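This report describes the fold, the helix packing, the aromatic pairs and the backbone geometry of one protein model. It is written to be read beside the coordinates.

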Amino acid sequence: MKNGVINIYKERGFTSHDVVAKLRGILKQKKIGHTGTLDPDAEGVLPVCLGTGTKLCDMLTDRDKTYETVLLLGQRTDTQDAGGNVLERAEVRVTEEEVRQAVMSFVGPCEQIPPMYSALKVGGRKLCDLAREGKEVERRARPVTIYGIRIQRITLPEVHMTVSCSKGTYIRTLCHDIGERLGCHGCMKELLRTKAGPFSVENSLRLAQVERLRDEGRLSEAILPVERMFDTLPPVRLKERSAKLGHNGNPFRPADTQEEEALSGQVRVYDSRGVFVGIYQYDRERTQYRPVKMFYEKQSEKV
């Protein structure tokens, strides 16, 4: 079984689940998961976790993201993007300066009401399924943060911009809200995710490229090892006599490590052979390292 993360370029027309299903066929393994849904019409970075890397899914989903998007002013749709049914149209009489002011007013902490056409669940059911049945339910506003917006160009009624934001941000909703603030409605016309955490669009691979690497016996070039997701954390190596503590996910003391000194915060833990074990947090009160997330597979242990 292959373990790690592949930076996939999700192409237009595929759902995130489609990508996972196709990769299962290409890689001939079931244990695969994606790290954050992209709408079928959206494109761009979709990190996909393999094997023990699936334990990273929730951690990678929490990372900040960057998008390139096109806001289309003058219409409101049921899906908040241009592919939906048009509910209202309005004449776009705003100036470029008014557009800039409205767009930039969303930078910083704000609240968004999730769109009905989304994968969020209410009462155990996905909002998008309810929306397809013609039902609309009350949704609570959620706090998100827009770290920055760079307006690339304005060619009314279109506004091309790059948005950096926190997890859980809906760019469709941002476009809708900007249009409402301008009083002329708006929806998202295009969306390209260019960055998700440490993954960028420049280093992403299309499914056909992954398949080609498989056929050439070079698939390992596309898979980033799990431990690389934690490059910023200091490494700690267990002594040979203490390796089983890590293998079994037990706490251990600084004296059990080759460093023999306590390191504050989270650390990457390796056994005496250099095999990645997992992420631990140092507990000062108990003077021991305690497991946060384990990635070690016992079957990988060589006798």
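The account below moves from the whole chain to single elements and then to single residues.

**Basis and overall description**

The model is predicted, so local features need pLDDT of at least 70 and side-chain atom pairs count only at pLDDT 80 or more, while totals for chains, interfaces and linings use all residues. Residues are numbered from 1 along each chain as its sequence is written, and side-chain values use heavy atoms, with hydrogens and water left out.

The protein contains seven helices and 18 strands; helices (H or I, at least four residues) and strands (E, at least two) are DSSP runs, numbered from the N terminus. The C-alpha trace spans about 75 × 50 × 40 Å along its principal axes. Of the 303 residues, 48% are buried, where buried means under 20% relative accessible area, exposed over 50% and partly exposed in between (1.4 Å probe, protein chains only). Among contacts between residues at least 6 apart in sequence, 65% join residues at least 24 apart; a contact means heavy atoms within 4.5 Å.

**Helices**

Helix α5 covers residues 171-182, twelve in number, and reaches 17 Å from its first C-alpha to its last, close to the expected 16 Å. The expected span is 1.5 Å times one less than the number of residues in the helix. Nine of the twelve residues of α5 are buried, so the helix is largely enclosed by the rest of the structure. The buried residues are Ile171, Arg172, Thr173, Leu174, Cys175, His176, Ile178, Gly179 and Leu182. Gly183 follows α5 and has a positive phi, near 80°.

Two packed helices are described by the angle between their axes and the distance between the axes. For α1 (residues 16-27) and α6 (residues 207-215), the angle is about 10° and the axes are 10 Å apart. Therefore α1 is roughly parallel to α6. Here axes are lines fitted to C-alpha atoms, for helices over the stretch in contact, and angles run from 0 to 180 degrees between N-to-C directions; angles under 35 degrees count as roughly parallel, over 145 as roughly antiparallel, 65 to 115 as roughly perpendicular and the rest as oblique. On the α1 side the contact is made by Val19, Lys22, Leu23, Gly25, Ile26 and Leu27, and on the α6 side by Leu207, Val210, Glu211 and Arg214. By class, this contact of α1 with α6 has six nonpolar, one polar and three charged residues. In this scheme Ala, Val, Leu, Ile, Met, Phe, Trp, Tyr, Cys and Pro count as nonpolar, Asp, Glu, Lys and Arg as charged, and the others, Gly among them, as polar.

His247 belongs to helix α7 (residues 243-247). This residue is buried, with a relative accessible area of 9%.

**Aromatic pairs**

A search of the whole structure finds seven aromatic pairs. Rings of Phe, Tyr and Trp (its six-membered ring) pair if their centres lie within 6.5 Å; planes under 30 degrees apart count as stacked, over 60 as edge-to-face and the rest as tilted.

| Pair | Centre distance | Plane angle | Class |
|---|---|---|---|
| Phe252 and Tyr280 | 4.7 Å | 45° | tilted |
| Phe252 and Tyr289 | 5.2 Å | 35° | tilted |

Phe252 lies in the loop between α7 and β16 (266-270) and Tyr280 in strand β17 (residues 276-283), so their pair ties together parts 28 residues apart in sequence. Tyr289 lies in strand β18 (residues 288-294), so its pair with Phe252 ties together parts 37 residues apart in sequence. Phe252 is buried at a relative accessible area of 2%, Tyr280 is buried at 0%, and Tyr289 is buried as well.

**Backbone geometry**

Most residues other than glycine have a negative phi, and most peptide bonds are trans. The peptide bond from Leu156 to Pro157 is cis, with omega near 15°. Pro157 is placed in the loop between β10 (142-155) and β11 (158-165).

Lys28, which is not a glycine, has a positive phi of about 60°. This residue lies in the loop between α1 and β2 (32-34) and counts as exposed at 67% relative accessibility. Thr287, also not a glycine, has a positive phi of about 50°. Thr287 lies in the loop between β17 and β18 and is partly exposed, with a relative accessible area of 38%.
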